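Please look at the sequence and the model shown here, and then follow the report from one residue to the fold as a whole.

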Amino acid sequence: MSAEHAISIALVEDDAGTRERLAAALRRSDRLSLAYLAATATEMLDWLQSNSVDVLLVDLGLPDGSGLEVIRHAVTLHPGCEPLVISMFGDEENVLASIEAGALGYLHKDSTPDDVAHTILEMKAGASPISPM
């Protein structure tokens, strides 16, 4: 990654407050670029048909489907995209399902928005971020 290339990120999160807090943290980093915000799986799936990002930040519990479907779709369409789950569900079943779907990391929503931004930078540097549950 060159210094002038910011890491592009798309975020799908149904809770408006959480979505805006995460978006604000991502915008504060000069190394991250927020490309798209979605509230539903459908919005993100539609956007991914003609757009790609470096990192896809995905909530699992979406009102119109599972974030797992979004992850599978993203990695099929855009093999270079690196999905990162952010979820309230910290159980082993959801973590494993996310990794199997193609997620490279899993963060619990207890993480602060700035921690999430930092984790994305760490992941792009080669770390495998998984929150301790």
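## A histidine in a loop

His78 sits in the loop that runs between α3 and β6 (82-87), where helices (H or I, at least four residues) and strands (E, at least two) are DSSP runs, numbered from the N terminus. With a relative accessible area of 15%, His78 is buried; buried means under 20% relative accessible area, exposed means over 50%, and partly exposed is in between, with a 1.4 Å probe and protein chains only.

Leaving aside residues up to four places away in sequence, His78 touches Leu48, Asn51 and Ser52, a contact being heavy atoms within 4.5 Å. A polar atom of the side chain of His78 lies 2.9 Å from the backbone oxygen of Asn51.

## How the model is read

This is a predicted model, in which local features need pLDDT of at least 70 and side-chain atom pairs count only at pLDDT 80 or more, while totals for chains, interfaces and linings use all residues. Residues are numbered from 1 along each chain as its sequence is written, and side-chain values use heavy atoms, with hydrogens and water left out.

## One face of helix α2

In helix α2 (residues 41-48), the buried residues are Ala41, Met44, Leu45, Trp47 and Leu48. Seen down the axis of α2, these buried residues fall within an arc of 165 degrees, so they line one face of the helix; the arc is that of the directions from the helix axis to the C-beta atoms. Their cover includes β1 (7-12), β2 (32-38), β3 (55-58), β4 (61-62) and α3 (67-77).

## A pair of rings

Rings of Phe, Tyr and Trp (its six-membered ring) pair if their centres lie within 6.5 Å, and planes under 30 degrees apart count as stacked, over 60 as edge-to-face and the rest as tilted. By this rule the protein has 1 aromatic pair. The centres of the rings of Tyr36 and Trp47 are 4.7 Å apart and their planes are at 5 degrees, so the pair is stacked. Because Tyr36 lies in strand β2 and Trp47 in helix α2, the pair ties together parts that are 11 residues apart in sequence.

Tyr36 counts as partly exposed, at 22% relative accessibility, whereas Trp47 is buried, with a relative accessible area of 15%.

## The whole fold

The secondary structure comes to 5 helices and 7 strands, and along the sequence the pattern is β-α-β-α-β-β-β-α-β-α-β-α. Of the 133 residues, 47% count as buried.

Note on methods. A polar contact is a pair of N or O atoms within 3.5 Å; within protein, one must be able to donate a hydrogen and the other to accept it, and residues adjacent in sequence count only if both atoms are side-chain atoms.
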